[in-house]
Amino acid sequence: QVQLAESGGGSVPNGESLRLSCAVSGVTHSSYCMGWFRQAPGEEREAVATIYTSGSFTYYADAVKGRFAISQDSAKNTLYLQMNSLKPEDTAMYYCAASPPRLNGEYCLTPKEFEYNYWGQGTQVTVSS
């Protein structure tokens with residue numbers, strides 16, 4: 001049974017940093033997309049950053065390019081999202097997600113919510129102005 005568990009959210013002032021973690025368990029395949037999505041109140045869930053577990057493919061939403069960095073520690077089965085220079089518009093619930101097996105990492109470059117079938121419960125990030 002695949003389980004994803006996020007941690008690291010919190011409330012910070014404008015301009016500060018947070019690092020989100022996602023502990024992954026139960027995944028039996030080695031090549032797939034993992035990503036961070038977020039959903040603000042009244043908004044649709046959107047992809048923030050994704051990474052291919054077996055290669056160097058990464059995706060970032062335009063709104064976070066240059067401020068956020070996605071990474072993985074395969075030994076610890078953990079996905080990270082380093083968020084720097086946080087802004088009030090980054091306030092949202094952040095979700096970790098994993099896709100089915102992918103032989104081609106390019107799938108990770110155009111993330112769509114329905115392509116990810118495993119989801120965590122989310123961690124809240126609030127940035128005050």
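**Close-ups of an all-strand predicted model**

**View 1. The whole chain and its surface.** Numbering starts from 1 along each chain as its sequence is written, and side-chain values use heavy atoms, leaving out hydrogens and water. There are 0 helices and 11 strands here (DSSP runs: H or I of at least four residues, E of at least two, numbered from the N terminus).

**View 2. S99 in its strand.** S99 sits in strand β9, residues 92-101. With a relative accessible area of 1%, S99 is buried (under 20%, judged with protein chains only). Leaving aside residues up to four places away in sequence, S99 touches H29, Y32, C33, E115, Y116, N117 and Y118 (a contact being heavy atoms within 4.5 Å).

**View 3. The largest pocket.** Its lining has 15 residues, with V24, Y32, T53, S74 and N77 nearest the centre (a pocket is an open set of points on a 1 Å grid over the protein atoms alone, where a 1.4 Å probe fits, with protein on both sides within 12 Å along at least five of seven lines; lining residues have an atom within 4 Å of a point). β3 (18-25), β4 (32-39), β7 (68-73) and β8 (78-83) each give at least two residues to that lining.

Notes:
Predicted model: local features only at pLDDT ≥ 70, side-chain atom pairs only at ≥ 80, totals over all residues. Buried < 20%, exposed > 50% of the residue type's maximum accessible area, 1.4 Å probe, protein only.
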